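Got a minute for charged pairs and greasy cores? Have a look at the sequence and the fold first, then read on.

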Amino acid sequence: MSKFINPFTDYGFKLIFGREVSKNLLIEFLNDLLEGERVITDLTFLNNEQLPDYPEGRGIIYDVYCTTDTGEKIIVEMQNRMQSNFKERSIFYLSRAIVNQGRTGHDWKFEIKAVYGVFLMNFIMDKNIKLRTDVILADKETGELFSEKFRQIFIALPLFKKSEEECETNFERWIYILNNMETLKRLPFKARKAVFEKLEEIADVASMSPKERELYDNSVKVYRDYLVTMDAAEKEGIKKGMEEGLKKGREEALNIFQTAIDMKKQGIDNQLIAEKTGLPLSLIESLK
């Protein structure tokens, strides 16, 4: 049995970052993520379900949705699998948080607060080779920032390969812990950053109430069922790929062999046929 919560589970992630009792964890994580840019001193959790503006519209449910003490909106999500139109989906989520700031009446003149989307991904997006991808609104030619009101940060967790000793920044320490939390017997870095003491307390499975434990166990089951399903799909895909590859290979080999036969019938020199087809000269000489 794991000592600490698995943060890749839906309920586990919200236990760590989505509760008032653990608010300081989220503040510290976001400040380490945005180090050198801004400092969040306080935040308020918002309803993580954003209802549509019309009956047939599609509602949105975020993992964590909050607003800072200066009004910025921040969405934080843990994603375990790549989804169709994932990039477009993330844009839609942030756009909804912007649109919801609109006010009726003539006095409102589009004064909006910045919206941040932080997407922790337990997969590789497209052909990405970067741990962290920051998306901003900027001029295409100069790279100059156009507006600070829209910001996306994608973190590809599988690309983080550093050991505990190799972590140099608090951001890297957070990522190391999130990646390895379920297998750790103790949380590292507590001497460097006091918030990790609080994280160890919050993330301890033994500290859960019976109801929390029930909900968490169900969340773990869903997560593990997903892993088993993905593993089966991957193996089936590899098997299918091998079968298709063998079939294609056989077809190509037969085509080359038939080409050699046709060339031989045309009286073309054996050495030249061997060079053109890549077949051994001894095999060419044996063809009738």
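Here is a quick rundown of salt bridges and nonpolar cores. Keep in mind that this is a predicted model. A search of the whole structure turns up 19 salt bridges, and the largest nonpolar core has 50 residues.

- D10 and K14 pair up through their side chains in a salt bridge, with N to O at 3.5 Å.
- Both residues sit in helix α1 (residues 10-17), and being 4 residues apart puts them about one turn of the helix from each other.
- D10 has a relative accessible area of 42%, so it counts as partly exposed.
- K14 comes in at 22% relative accessibility, which also makes it partly exposed, because buried would mean under 20%.

**Salt bridges across the sequence**
- R19 and E212 form a salt bridge too, and their closest N and O atoms are 3.2 Å apart.
- That pair links distant parts of the chain: R19 is in the loop between α1 and α2 (23-33), E212 is in helix α6 (residues 210-265), and 193 residues separate them.
- R19 is partly exposed, at 24% relative accessibility.
- R186 and E164 make a salt bridge through their side chains, at 3.2 Å from N to O.

**Nonpolar cores**
- In the largest nonpolar core, with its 50 residues, the ones with the most contacts inside it are F17, L30, L120 and L199.
- Where does this core lie relative to domain 1 (10-206) and domain 2 (208-287)? Both domains give residues to this core, so it lies between them.
- Leaving out residues up to four places away in sequence, L199 touches I16, L25, W174, I177, M181 and L187.
- Another core lies apart from that one; it has 13 residues, including L94, A97, F150 and A156.

Technical notes:
Residues are numbered from 1 along each chain as its sequence is written. This is a predicted model: local features need pLDDT of at least 70, side-chain atom pairs count only at pLDDT 80 or more; totals for chains, interfaces and linings use all residues. Side-chain values use heavy atoms; hydrogens and water are left out. A salt bridge is a side-chain nitrogen of Lys or Arg within 4 Å of a carboxyl oxygen of Asp or Glu. Helices (H or I, at least four residues) and strands (E, at least two) are DSSP runs, numbered from the N terminus. Buried means under 20% relative accessible area, exposed over 50%, partly exposed in between (1.4 Å probe, protein chains only). A nonpolar core is a set of buried Ala, Val, Leu, Ile, Met, Phe, Trp, Tyr and Cys residues joined through side-chain atoms within 4.5 Å. Domain bounds come from an automatic or database domain assignment. Contact means heavy atoms within 4.5 Å.
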